[in-house]
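Me: Could we go through this structure together? I would like to begin with the aromatic residues and then turn to pockets.

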Amino acid sequence: MNKRLSNLSIILIVLQILLGIGAIFGGIAFIIDPSGELMGMSRSQLEHSTFHNYLIPGILLICALGIIPFIIASGLLRKWKWKMADRLNIFPDKHWSWTFSLYSGFELIIWITIQIYILNMFSIIHLIYIIFGLTIQVVTLLPKVQKQYSI
């Protein structure tokens, strides 16, 4: 395995870090102001969900799309071993961080799709984040990136 990361792998690491930063800031905003007003949202947008305010979605956002992408970025950068992640890796010929990068793209697309459904609205930011999730997946699936993380 090549020790030097390709430019595409560096781009993938940056994409994961950007995803994590955005989710942590968004999640913190929802925790600070569970009404959603700080993020330009209202509680009435949650009327078709199981949530009464944005506190739990904020916590989930920080955990699922904030912390995990930083762990993925670290794995992509250092290629460290993690037995638990290896158990969840459906591509045993790839490092767990590569597989989890693919997972994070799906996770972001699913998160945004559920958000569109719950809020019963679609805005340009939703489209941007869906494209962001697809970009993570495309870069992850590029042959040069796959080769970089082959075991």
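Me: How many aromatic pairs does a search of the whole structure find?
Reply: The search finds 8 aromatic pairs; rings of Phe, Tyr and Trp (its six-membered ring) pair if their centres lie within 6.5 Å, and planes under 30 degrees apart count as stacked, over 60 as edge-to-face and the rest as tilted. This is a predicted model, in which local features need pLDDT of at least 70 and side-chain atom pairs count only at pLDDT 80 or more, while totals for chains, interfaces and linings use all residues. Residues are numbered from 1 along each chain as its sequence is written, and side-chain values use heavy atoms, with hydrogens and water left out.

Me: What do Trp80 and Trp96 form?
Reply: Trp80 and Trp96 form an edge-to-face aromatic pair, 4.9 Å centre to centre with 70° between the planes. The pair links distant parts of the chain, 16 residues apart: Trp80 is in the loop between H2 and helix H3 (83–87), and Trp96 is in helix H4. Helices are DSSP runs (H or I, at least four residues), numbered from the N terminus.

Me: Is Trp96 buried or exposed?
Reply: Trp96 is buried, with a relative accessible area of 1%. Buried means under 20% relative accessible area, exposed over 50%, and partly exposed in between (1.4 Å probe, protein chains only). Trp80, at 29%, counts as partly exposed.

Me: And why is the pair of Trp82 and Trp96 edge-to-face?
Reply: The planes of the Trp82 and Trp96 rings are at 80°, so the pair is edge-to-face, with the ring centres 5.2 Å apart. Trp82 is partly exposed, at 27% relative accessibility.

Me: Which residues do ring pairs link into a cluster?
Reply: The cluster consists of Trp80, Trp82, Trp96, Phe100 and Tyr103.

Me: Next topic: which residues lie nearest the centre of the largest pocket?
Reply: Phe30, Leu61, Trp111, Ile112 and Gln115 lie nearest its centre, among 28 lining residues. On a 1 Å grid over the protein atoms alone, a pocket is an open set of points where a 1.4 Å probe fits, with protein on both sides within 12 Å along at least five of seven lines; lining residues have an atom within 4 Å of a point.

Me: Which helix gives the most to the lining?
Reply: H4 gives the most, with 7 residues.

Me: What is the lining like by class?
Reply: The lining has 21 nonpolar, 7 polar and no charged residues. Ala, Val, Leu, Ile, Met, Phe, Trp, Tyr, Cys and Pro count as nonpolar, Asp, Glu, Lys and Arg as charged, and the others, Gly among them, as polar.

Notes:
Helices (H or I, at least four residues) and strands (E, at least two) are DSSP runs, numbered from the N terminus.
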